[in-house]
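Subject: A structure for you to explore

Hi there,

Here is the structure I promised to pass on. Have a look at it first, and then read on for what turned up.

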Amino acid sequence: MTYGFDTLQIHAGARPDPATGARQTPIYQSTAYVFRDADHAAALFNLQEVGYIYSRLTNPTVAVLQERIATLEGGQGAVCCSSGHAAQIMALFPLMGPGKNVVVSTRLYGGSITQFSQTIKRFGWSATFVDFDDLDAIEAAIDDDTRAIFCESIANPGGYITDLDAVAKVAEGAGLPLIVDNTSATPYLCRPIEHGATLVVHSMTKYLTGNGTVTGGVVVDSGNFDWSASGKFPSLSEPEPAYHGLKFHETFGPLAFTFHGIAIGLRDLGMTLNPQAAHYTLMGIETLSLRMERHSANARKVAEWLEKDPRVAHVTYAGLESSPYHDRLARICPKGAGGLFTFALKDGYEACVKLVDSVEIFSHVANLGDTRSLIIHSASTTHRQLTPEQQEAAGAAPDVVRLSIGIEDPDDLIADLDQALSKASG
Ligand SMILES: *Cc1c(COP(=O)(O)O)cnc(C)c1O
């Protein structure tokens, strides 16, 4: 029996607490779990039995969230971690090594561009940035040391839609896993695994929790990739010395990546999600479809209004008929284009700064995916560390403002932008 999305977002992974009957998933605020006996402890430590040892590795509240998200994404397993950025490192960690590279889209969350262009170099890894609308460029960027391809489904900040089917074909042709950051779309609007993604990562900080209360991330594994085929992924295919020579792929099959993420990734990198945060995220996910529908409907109304306004130079929302990405919507994000987009002001940088200072309902914050509407001028904040060329390529030019449209009354949002635009322009 397969249930619909609205049912699964409430029930997947959860059941009444066997000890108390508690209907809501309890917050298991416990660091450690009592072993039945010494043999039980040994079996758990040998990965011969699945169970709870210590909450850096696994926790019953976090486990419910992992199963819920894996189910909603159509994956085999998931590993929660302490932030979206932690999830990106956790996704790459088993695949990469010194001298290896990842081919990534130029259109990414600003923090991801910094993580990939600067910080991963400290591990001896590198990233090659290309325009993911240019499939030949992706192919040309792949070399013998490439270990993954990385992009966003709905790309931050512009709300561009990546042609996941086409990118997945390139990845498959090269025998490489495709990692898709599905933060802006959520599994309600887009299911990257159905378009060929190997791994899906999320910042749960955004729409999954949905109200700006949690920092968290997750890596979902499709279970579809053959880690042993090419010899390029020894962490998954070769004997692991820390587990008596166990081979993850041979032993765990389609759950190899998930088990590695817990048994090696969380064990040694320690980027663990705490059970309180998992609880808030579980609460958020119960209403995910309702919120994403409203976010998308509101964003479309606001984008349509902005597009007609003489003070506005252009609007990037993929839900607009005028968007070059509009024809990808039905195939990649059939239920809507989400709540995130940018628009440019004819009066440029100064007007953008004035606009963010003049809004009343919108909050000027470095976040997205909240029930409340948010605004930010990327060039002077989130994308400030980037070069002008990187800003332009990422869709965060100096005259561009990013909106994350909330679930308030859309007429109030339009009225607020109208009064703020009057103060900002002319
Ligand atoms: C916020 C965000 C991240 C980083 O997530 P954190 O939870 O802030 O670490 C990564 N990708 C996208 C698309 C994001 O919006």
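A word on classes before we start: Ala, Val, Leu, Ile, Met, Phe, Trp, Tyr, Cys and Pro count as nonpolar, Asp, Glu, Lys and Arg count as charged, and the others, Gly among them, count as polar. Please also keep in mind that this is a predicted model.

Let's begin with the ligand. It is surrounded by 15 residues, and the closest are G84, D181, S203, T205 and K206. Sorted by class, this shell holds ten polar, three charged and two nonpolar residues. Helix α4, which covers residues 84–92, gives the most to the shell, with three residues.

In K206, an N or O atom of the side chain is 2.7 Å from an oxygen atom of the ligand, and for S203 the corresponding distance is 2.8 Å. On its own the ligand has 380 Å² of accessible area, and the protein covers 92% of that.

Now turn to helix α17, residues 410–424. Its 15 residues reach 21 Å from the first C-alpha to the last, close to the 21 Å expected at 1.5 Å a residue. The buried residues of α17 are P410, L413, I414, D416, L417, A420, L421 and A424. Why do they share one side of α17? Because they cover an arc of only 160 degrees around the axis.

Enjoy exploring!

Best wishes

Definitions and conventions
Residues numbered from 1 in each chain as written. Predicted model: local features only at pLDDT ≥ 70, side-chain atom pairs only at ≥ 80, totals over all residues. Heavy atoms only, no water. Near = heavy atom within 4 Å. Polar contact = N/O pair within 3.5 Å; in protein donor to acceptor, adjacent residues only side chain to side chain. Areas by Shrake-Rupley, 256 points an atom, 1.4 Å probe, with all protein chains shown as cover. Helix = DSSP H or I, 4+ residues; strand = E, 2+ residues; numbered from the N terminus. Expected span 1.5 Å × (residues − 1). Buried < 20%, exposed > 50% of the residue type's maximum accessible area, 1.4 Å probe, protein only. Arc of directions from axis to C-beta.
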